[in-house]
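Hello,

Here is the structure we talked about passing on. My notes follow below it.

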Amino acid sequence: MNNYKNNIGITMGDPAGVGPEIILKAFKDNHFKKSNRIIVIGDLNVLKKINEKLNFNVFFNELSDNLNKLGTKYQDDKLNVVNLNNVNIDNLIPGEVNENAGKAAVEFVLKGIDLAMDKKIDAVVTAPINKKAIQTAGFKYPGHTEIFAEKTGTKDYTMMLYSDKLNVAHVSTHMSLLNACKTLKKERVEKVIELANSSLKDLGIETPKIAVAGLNPHAGEQGLFGEEEINEIKPAVDNAKEKGIEAFGPIPPDTVFVKAVNGEYDIVVVMYHDQGHIPVKLLGFDSGVNVTLGLPIIRTSVDHGTAFDIAWEGKAYDTSLIKAVEVAEKMAEK
């Protein structure tokens, strides 16, 4: 009998997107470690339909959500699914925004959070949801991160993009660039530095070296191009240093990523969404992992969207999903 280390839950994502097929593809190609239980939280009818359409020949095992004592109920040679059975498959068209699909996608996530909070699974990995679909269904969340934060009652959290080449943690994410600049405060910068430090330790880096990017060109050039570095960012870096964190900056945004990729730093704390997303996606669009820092549970995610233009065609890469599961497993072991 296999001695499993952890239960890793994967939420299926938007049923009309590529989430279900990349889960099937990764399982079919044996890319999930057998040392952990992989449990999909989704709709079994959707998975079966895509499995048949793409000739993946995956076999399924349906589980209840009572995962405390899986025992022989978990079957290693089959894709194990907690089936919410909440998708109207007759009205589901791949690649199209669908209210029912958006509602189901959020319900998969909420079930995953409940299972993690109840210690029935050790981490949640999320396949992509479609923001238009979930908002059509009446949910106003900008994305996954905000669902996890609200459901777990987490106030201080942030997004980290983790990859083999570059890691970044965000001071702000889903807001306009204008608001990101207006709301930049030293307390928030310091908190993100702390979250980045603790999370990299969870991933096995004993003493993380943390670069902090400036907001303005040349990191403000000593106030010539802006004073955010002087008033907000540098004081946060100094406070972090006093706490024993190896933080450096503010460093000009046009050079900091090159230095990080060359090994001088383990992560870059960035000031807004695109400042971090652009370099990570440029270096490895299909291999990045989204990690939510600050939660009481582990959450990782693919770093791509629902790809409606190629949904259910078998063209989507499963690379980011595989990496997201690997990172979740690594954090769960810590």
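**The largest cavity**

Phe27, Phe32, Lys33, Lys34, Asn36, Ile38, Tyr74 and Asp76 line the largest cavity. Please keep in mind that this is a predicted model. The space in that cavity comes to about 50 Å³. The count of cavities of 30 Å³ or more is 1. Sorted by class, the lining has 4 nonpolar, 1 polar and 3 charged residues.

**Strand E2**

- Strand E1 (residues 7-11) runs parallel to E2, with 5 bridges between them. Asn7 stands opposite Arg37 of E2. From E1 the chain passes through helix H1 (residues 19-28) to reach E2, a right-handed β-α-β crossover.
- Strand E4 (residues 79-83) also runs parallel to E2, joined by 4 bridges. Here Ile39 has Asn80 of E4 as its bridge partner.

**Aromatic pairs**

How many aromatic pairs does the structure hold? There are 3. Two are described here.

Phe139 and Tyr141 form a stacked pair. Their ring centres lie 6.3 Å apart and their planes meet at 15 degrees. Planes under 30 degrees apart count as stacked, so this pair qualifies. Phe139 is partly exposed, at 22% relative accessible area. Tyr141 is at 16%, so it counts as buried.

Phe248 and Tyr265 form a tilted pair. The centres are 5.6 Å apart, with 45 degrees between the planes. This pair links distant parts of the chain, 17 residues apart. Phe248 belongs to strand E9 (residues 246-251). Tyr265 lies in the loop between helix H9 (253-261) and strand E10 (267-270). Phe248 is partly exposed, with a relative accessible area of 30%. Tyr265 is buried, at 13%.

Best wishes

Note on methods
Residues numbered from 1 in each chain as written. Predicted model: local features only at pLDDT ≥ 70, side-chain atom pairs only at ≥ 80, totals over all residues. Heavy atoms only, no water. Pairing = 2+ DSSP bridges. Helix = DSSP H or I, 4+ residues; strand = E, 2+ residues; numbered from the N terminus. Right-handed = clockwise from strand over helix to strand, strands pointing away. 1 Å grid on protein atoms, 1.4 Å probe; cavity = no way out; pocket = protein on both sides within 12 Å on 5 of 7 lines; lining within 4 Å. Points joined across faces, edges and corners; volume = space filled by probe spheres on them. Nonpolar A, V, L, I, M, F, W, Y, C, P; charged D, E, K, R; others polar. Phe/Tyr/Trp six-rings, centres within 6.5 Å; stacked < 30°, edge-to-face > 60°. Buried < 20%, exposed > 50% of the residue type's maximum accessible area, 1.4 Å probe, protein only.
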